[in-house]
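Hi,

Here is the structure I promised to pass on. Have a look at it first, and then read my notes below.

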Amino acid sequence: MKRYIYLKRIFDFTISLVGFIVLSPLFLLLAIVIKMESKGPVFFKQVRIGKGKKHFHILKFRSMRVDTPSEMPTHLLQHPEQYITKSGKFLRRTSLDELPQIINILKGEMSMIGPRPALWNQYDLIEKRDACGANDVLPGLTGWAQINGRDEISIDHKANFDGEYIARMSFLFDMHILLRTIVSVIRREGVKEGVNKSSNELSA
């Protein structure tokens, strides 16, 4: 596994560098749209848990107003629609808001594939990931739990999927997850905005 993790980093850096260069016109266009529509920065920064439980700032294109509670998963907000901007709806629907995480990957804070980084205050999820070794690898832009329910699964199930990913980590498994992710994004599977009264244990 150690050898694959080394090769995985080379793959991550190469793909994210090429992606950043190719997508730079799109980055610029989205930045202009965001700035024209609402006050605030282009990027949204949030403290997340990285490899070894180190904190880092995850980057996203800002899709919500600056007065939105910043330390709460969006799907746990009571009325998220009042915070999401018009361009933000499109960004979130297409997952384009996640593109700036290419920068996190270039910096070595994230990987293309891995457990999605938990919020710093999601203590229950962090603890369960400790038990399965999921905090010992770089968090990912997408992951096994993401394509198996995303916001619709419980913390226990999410941690179980993360543990399964650690056990099965390989190039072929990563490619399988990447292809499944593309399909999930197209179908907009597992995206949840706002609190579901019967599912309060769900996590971002």
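Lys128 and Asp156 form a salt bridge, with their closest N and O atoms 2.8 Å apart; by salt bridge I mean a side-chain nitrogen of Lys or Arg within 4 Å of a carboxyl oxygen of Asp or Glu. Lys128 sits in helix H4 and Asp156 in helix H5, so this pair ties together parts that are 28 residues apart in sequence. Helices (H or I, at least four residues) and strands (E, at least two) are DSSP runs, numbered from the N terminus. Lys128 is partly exposed at 34% relative accessibility, and Asp156 is partly exposed at 39%. On that scale, buried is under 20% relative accessible area, exposed is over 50%, and partly exposed is in between (1.4 Å probe, protein chains only).

Before you go further: this is a predicted model, where local features need pLDDT of at least 70 and side-chain atom pairs count only at pLDDT 80 or more, while totals for chains, interfaces and linings use all residues. Residues are numbered from 1 along each chain as its sequence is written, and side-chain values use heavy atoms, with hydrogens and water left out.

The structure holds eight salt bridges. Another one joins Lys53 to Asp130, with 2.9 Å between the closest N and O atoms. That pair links distant parts of the chain, 77 residues apart: Lys53 is in the loop between strand S1 (43-49) and S2, and Asp130 is in helix H4 (residues 123-132). Lys53 has a relative accessible area of 40%, so it counts as partly exposed. Asp130 is partly exposed too, at 38%.

Now to a salt bridge with buried partners. The side chains of Arg116 and Glu98 meet at 3.4 Å, N to O. Arg116 lies in the loop between S3 and H4, and Glu98 in the loop between helix H2 (86-94) and H3, so the two tie together parts that are 18 residues apart in sequence. Arg116 counts as buried at 10% relative accessibility, and Glu98 is buried at 12%. Lys60 joins in as well: Lys60, Glu98 and Arg116 are linked in a network of salt bridges.

Which side chains make polar contacts with the side chain of Gln101? One is Glu98, at 2.3 Å, and another is Arg116, at 2.8 Å. A polar contact here is a pair of N or O atoms within 3.5 Å; within protein, one must be able to donate a hydrogen and the other to accept it, and residues adjacent in sequence count only if both atoms are side-chain atoms. Gln101 belongs to helix H3 (residues 101-106) and is buried, with a relative accessible area of 0%. Leaving out residues up to four places away in sequence, Gln101 touches Ile58, Leu59, Lys60, Met110, Arg116 and Leu141; contact means heavy atoms within 4.5 Å.

On to the nonpolar side. In the largest nonpolar core, which has 19 residues, Trp144, Tyr165, Ile166, Met169 and Ile177 touch the most other members. The elements giving two or more residues to this core are strand S2 (55-61), strand S3 (111-113), helix H5 (155-168) and helix H6 (171-187). H5 supplies the largest share, three residues. A second, separate core has 10 residues, including Ile34, Phe61, Leu96 and Ile102. A nonpolar core is a set of buried Ala, Val, Leu, Ile, Met, Phe, Trp, Tyr and Cys residues joined through side-chain atoms within 4.5 Å. As for Met169, its contacts beyond four places in sequence are Met1, Tyr4, Ile5 and Val137.

There is also a nonpolar surface patch of about 530 Å², made by Phe13, Leu17, Val18, Phe20, Ile21 and Val22. Patches take residues with over 30% relative accessible area and no salt bridge, joining like charges within 9 Å and nonpolar side chains (Val, Leu, Ile, Met, Phe, Trp, Tyr) within 5 Å. Areas come from the Shrake-Rupley method with a 1.4 Å probe; for residues, only the protein chains shown count as cover. Phe20 is found in helix H1 (residues 2-37) and is partly exposed at 31% relative accessibility.

Finally, the overall picture. The chain has six helices and four strands, running α-β-β-α-α-β-α-β-α-α from the N terminus. Of its 204 residues, 49% count as buried.

Cheers
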